[in-house]
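Please look over the sequence and the structure shown here before reading on. The paragraphs after it are meant to be read alongside the model.

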Amino acid sequence: MNDKNKSAAADHTTRPKVVIERTYRAKVGELWELWTTKQGFESWWGPDGFRVEVHALEARLGGTLHYDMIADSPEMIAAMKQMGQATSHEVHARFSEIRPHDRLAITSVIDFLQGVKAYESTIVAEFFPSGDTVRMVVTLEPMHDDEFTKMQTEGFRSQLSKLDKRYGGEKR
Amino acid sequence: MATQLDTFQALADPTRRSIVEALRNGERQVNDIVEQAGIHQSGVSRHLRILHKAGFVSMRPDGQRRLYCLRPEPFRELNKWLAQYRNLWEARLDRLGAALKKQQSSGKPPNKEQDT
């Protein structure tokens, strides 16, 4: 249809994006390594209460990123079980953009949310070195990356459901 | 058939987002939305019903016309949700910062499990 451009424009402005910036005293290569090597990625990725186990990480354009997201704190394991969710799930992703020490994008297939049709979600990280610091800008699409799972377990999801009841449940 | 849509699902559809976009400047009737969003009328009516049901849009009759406008409440709630989401990511980047420090002191990336 010829409304494609308009939809894309609306997409750009109304699809919620979250941008987070941090400045680190580091070399850009050090930060880059935390995103693009198995050991680096495993050292920080994932919500609190989870750890990741990387099966494949190919830091090149279109390269595979395949990992397990595993609940590893007793509270998180209990919470996941209570919700009837598996305590670990597999994530299939790829490096959809990669410009060494400059910019990368990780596109994940979100197919582990009950009742939600599989779709893709992309995280972009950009690096701006200046002197002995690097500014890192991360752009997120909050519906839904793996933080969403964490939010589900913490009840944010149920807050949203309450919302749905309030706004969506009215009979007409 | 009409299952309850969650807040995100309501906005997940690009056509619905362009309708929301068209309503950002204030109250509109269906024809204006059709023109502004460039979508066929039957599509607009269907999506307006969904947005109305999900609480994003309210409608008031004005003679023969039906006027639609955005309701602020779900957007406010969405913002609140996004703020919580942001906090979780801030925490994740705190961990990245901590991992970076360990990497700098040891010369190689740390192992998350070993060091906590």
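This is a predicted model: local features need pLDDT of at least 70, side-chain atom pairs count only at pLDDT 80 or more; totals for chains, interfaces and linings use all residues.

What follows is a walk through the two chains, element by element.

In chain A, 7 strands are arranged as an open sheet, with the order 1-7-6-5-4-3-2 and antiparallel pairing. Strand 1 (18–24) and strand 2 of chain A are found at the edges, where each has a single partner strand, so one side of each is left without a neighbour in the sheet. From one strand to the next, the twist averages 25°. Strands of a sheet pair through backbone hydrogen bonds, and the pairing may be either parallel or antiparallel.

Several pairings of this sheet can be followed in turn. Strand 3 (residues 64–71) of chain A is joined to strand 4 (residues 88–99) of chain A in the antiparallel sense over 7 bridges, and A:Ile70 has A:Ser88 of strand 4 as its bridge partner. Strand 4 of chain A also pairs with strand 5 of chain A, in the antiparallel sense and over 7 bridges, with A:His92 standing opposite A:Val109 in strand 5 of chain A. Strand 5 of chain A in turn pairs with strand 6 of chain A, antiparallel and over 8 bridges, and here the bridge partner of A:Ser108 is A:Ser121 in strand 6. Of the 8 residues of strand 5 of chain A, 7 are buried, so this strand is largely enclosed by the rest of the structure.

Most residues other than glycine have a negative phi. A:His101, however, is a residue other than glycine with a positive phi, near 65°.

Another loop of chain A, between helix 3 (38–42) and strand 2 (50–57), holds A:Ser43. A:Ser43 counts as buried because its relative accessibility is 6%, below the cut-off of 20%. The side chain of A:Ser43 reaches the backbone oxygen of A:Gly40 at 2.6 Å.

Helix 2 (residues 28–36) of chain A links the description of the sheet to that of the other chain. Helix 2 of chain A lies across strand 1, strand 2, strand 4, strand 5 (103–110), strand 6 (119–130) and strand 7 (133–140) of chain A, and runs at about 165° to strand 6 of chain A. Helix 2 of chain A also packs with helix 5 (residues 72–106) of chain B, at an angle of about 115° and with the axes 10 Å apart, and the crossing of the two helices is right-handed. The residues making the contact are A:Glu30, A:Leu31, A:Glu33, A:Leu34 and A:Trp35 on helix 2 of chain A, together with B:Leu96, B:Ala99, B:Leu100, B:Gln103 and B:Gln104 on helix 5 of chain B. By class, the residues of this contact divide into 6 nonpolar, 2 polar and 2 charged. How many of the 9 residues of helix 2 of chain A are buried? The number is 7, so helix 2 of chain A is largely enclosed by the rest of the structure, and its buried residues include A:Leu31, A:Trp32 and A:Leu34.

Chain B has 5 helices and 3 strands, which follow the pattern α-α-β-α-α-β-β-α when read along the sequence. Of the 116 residues in chain B, 42% are buried. The strands of chain B form an open sheet of 3 strands in the order 1-3-2, with antiparallel pairing, and the edge strands, strand 1 (28–29) and strand 2 (57–62) of chain B, each pair on one side only. Strand 1 of chain B pairs with strand 3 (residues 65–70) of chain B over 2 bridges, in the antiparallel sense, and B:Arg28 has B:Tyr68 of strand 3 as its bridge partner.

Helix 2 of chain B packs on this sheet, touching strand 1, strand 2 and strand 3 of chain B, and its direction makes about 95° with that of strand 3 of chain B. In helix 2 (residues 14–23) of chain B, 8 of the 10 residues are buried, so the helix is largely enclosed by the rest of the structure; among them are B:Ile19, B:Val20 and B:Leu23. Helix 4 (residues 41–53) of chain B lies across strand 2 and strand 3 of chain B, running at about 115° to strand 2 of chain B.

Key
Residues are numbered from 1 along each chain as its sequence is written. Chains are lettered from A and ligands numbered from 1 in the order in which they are written. Side-chain values use heavy atoms; hydrogens and water are left out. Helices (H or I, at least four residues) and strands (E, at least two) are DSSP runs, numbered from the N terminus. Buried means under 20% relative accessible area, exposed over 50%, partly exposed in between (1.4 Å probe, protein chains only). A polar contact is a pair of N or O atoms within 3.5 Å; within protein, one must be able to donate a hydrogen and the other to accept it, and residues adjacent in sequence count only if both atoms are side-chain atoms. Two strands pair if DSSP finds at least two bridges between them. Axes are lines fitted to C-alpha atoms, for helices over the stretch in contact, and angles run from 0 to 180 degrees between N-to-C directions. Contact means heavy atoms within 4.5 Å. A crossing is left-handed if the near helix is turned anticlockwise from the far one by less than a right angle, and right-handed if clockwise. Ala, Val, Leu, Ile, Met, Phe, Trp, Tyr, Cys and Pro count as nonpolar, Asp, Glu, Lys and Arg as charged, and the others, Gly among them, as polar.
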